[in-house]
Amino acid sequence: MNPPVIALLTDFGLRDSYAGVMKGVILGRCPQARVVDVCHGIPPQDVRAAALCLRQSAPFFPEGTLFVVVVDPGVGSVRRVLWAKTRRHSFLAPDNGVLSWMADAPVAYRSVENPSLRLKPASRTFHGRDLFAPAAAALASGVSPAILGPAVAPRAHLKFPALKKLPGGRRRGDILATDHFGNAVTAIPAAAARGRKIFFRGRALGPVRGHYAQVRAGEPLALIGSSGFLELSVREGSFAHDFNAAPGDYAELS
Amino acid sequence: MNPPVIALLTDFGLRDSYAGVMKGVILGRCPQARVVDVCHGIPPQDVRAAALCLRQSAPFFPEGTLFVVVVDPGVGSVRRVLWAKTRRHSFLAPDNGVLSWMADAPVAYRSVENPSLRLKPASRTFHGRDLFAPAAAALASGVSPAILGPAVAPRAHLKFPALKKLPGGRRRGDILATDHFGNAVTAIPAAAARGRKIFFRGRALGPVRGHYAQVRAGEPLALIGSSGFLELSVREGSFAHDFNAAPGDYAELS
Amino acid sequence: MNPPVIALLTDFGLRDSYAGVMKGVILGRCPQARVVDVCHGIPPQDVRAAALCLRQSAPFFPEGTLFVVVVDPGVGSVRRVLWAKTRRHSFLAPDNGVLSWMADAPVAYRSVENPSLRLKPASRTFHGRDLFAPAAAALASGVSPAILGPAVAPRAHLKFPALKKLPGGRRRGDILATDHFGNAVTAIPAAAARGRKIFFRGRALGPVRGHYAQVRAGEPLALIGSSGFLELSVREGSFAHDFNAAPGDYAELS
């Protein structure tokens, strides 16, 4: 049998040892686990960015992967920690809506409450280490999810931003995130964008392109990104930088 | 038996291949090793930050973990490389005091001198690759520490910053580091802080709080961080940014 | 037999899940693979920086390592993807010259064309996930390179910058990259630099030094870096910062 894969998605960054310490805890309790970093670069406490990242990345991980999602503005307060299960994967995450945008929606949830699964003493500020990591190690070691706590329904849900009709017939969709290359990922699905002309702050970006090489280096364009949403880009450049674009901005469709 | 865990702690950053090359050397000589990143984000040549990071992270790694610590302003000069052993872990590190702050102090040291354990030719600037990595691989493969070199006492020791009494009865403690979230970690242990009021540059931050949600978003607070020291934070914000706080600053206790 | 090592070298950064998703795809198709990060910090689309990084790092990885190099300004256009083989390693990389600078030059190339090895549907913008990762997993699982596509000769070649003679007898060599510590790596090999005096923008940096401790903290120096090229550094500081040095600049030799 293949070793269990534990995939970490956090806003911890890589400047400190937070992600490393989680791995230390997991390996101490489940030495056979394969621990993989999905990403630790979620902007601090940005639950929407984490929800988008999970939607984009989870489908590409092996069946049986346990995702540990620690983007958790409510750490130490009364927010719950959830275990969730989809057809192919399982998840540990705060009950803050971060699991809301996955194409493969969870079919079961539990509230992670069992105090025997926590490090002792547990801190109030680093549940990734004291609560998520030991629970993940227990699950990867074969402990039944029923041990974690009772079946529940999630309390928090993040609404995916809908397209909005504008006077004159255009529609607009939010920019959800920008990436390392300066691409701006919108909430506009491919099906809504195809055949349309794209605008940003009144500037025409032309039709939806097939790939970057269809415009000249340094020119902006719009194309369907690798996660199936419309993205605004600059060929061999940064749309985020050149247009000062960020979440809160939006793209318009003809 | 579980495969040996080798945990890397450096100031190499992740922009270059320095950390990756260390892993290449280790895997070539000890394919069964589990190589884990504690952190590569120590500020360049900041031995104090590395000492603090090691204190915070080492206790959470499995028994038998070999830590390889390469924060080494003296690389290429005459500084020694040490092997050290605590009750649960072992370490390879420059003899520059970086092992001084661990709660579980080393009980044995050796000077790593055996030239047969180095890559040839060895550079004068990348001992992580040419000296630390092959020595780590040898140890993880079962080579006796006695092969490394003679038992020694460490030359360098870092003094942990003591609290300082101020006129009027207050005490102050250094800020040792800031983290990715902008939390400022002080050298004030929990036992000294509890029951006190906290101040920063004359501004009252209130009593020591239990968790972030006890103040409003954007407000500063002081709490006991996950490593047992007083930390200054801003809820859903950055204390380091908002107060321009950095190592060299200090917090005051009533 | 040791598990196959797959070493990733990209310009994806670690802010997003791009590198993590590649690992997910690989582990889903070749669970026994050891996936190691060489580096994801190549400046976006900087093929020269990637070629230099590969030259510096590949020799230190185990025999049999498969490098997956995704620094790919032409993604989605007609550029080919190559498989290449040297005496000790194999490679998947765009046909853009990124393999040109390795000391151990490839002895065989194939064009990666077999559509059955791609994820379906494949995007036009994320070939790391949809094409490189599944091809790497197939190779690591024992699929013959002949399945990938026909033997070819590479189309693109990057010329390594030669030293240039200056009026008055000096020679100059390009700065190829700067690193995390602010060292400026030049294209001047050790053999050409030894015994010379080094200058940068007219400022004398002295002879080639053996190690940093030969100058005072904060002072600039030149030495042979860990990859065998002349580097410009500041002891316990950053040459790149202090001298505003970057690729495009050059060092001069007496």
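Buried area is the accessible area (1.4 Å probe) that two parts lose on being put together, summed over both. This tour applies that term to chain A and chain C of a predicted model, in which chains are lettered from A in the order in which they are written and residues are numbered from 1 along each chain. Local features need pLDDT of at least 70, side-chain atom pairs count only at pLDDT 80 or more, totals for chains, interfaces and linings use all residues, and side-chain values use heavy atoms, with hydrogens and water left out.

Begin by selecting chain A. Its average pLDDT (the predictor's confidence in each residue, from 0 to 100) is 95, and 100% of the residues score at least 70. For the complex, the predictor gives an ipTM of 0.96 and a pTM of 0.96.

Next, display chain A together with chain C. About 2500 Å² is buried between them, 59% of it on carbon and sulfur atoms. On the chain A side, select Phe60(A), His180(A) and Phe181(A): these lose the most area to chain C, together 25% of what that side buries.

Then select the residues in contact (heavy atoms within 4.5 Å): 29 come from chain A and 30 from chain C.

Turn now to the polar pairs. Between chain A and chain C, 10 residue pairs, both at pLDDT 80 or more, are in polar contact. A polar contact is a pair of N or O atoms within 3.5 Å; within protein, one must be able to donate a hydrogen and the other to accept it, and residues adjacent in sequence count only if both atoms are side-chain atoms.
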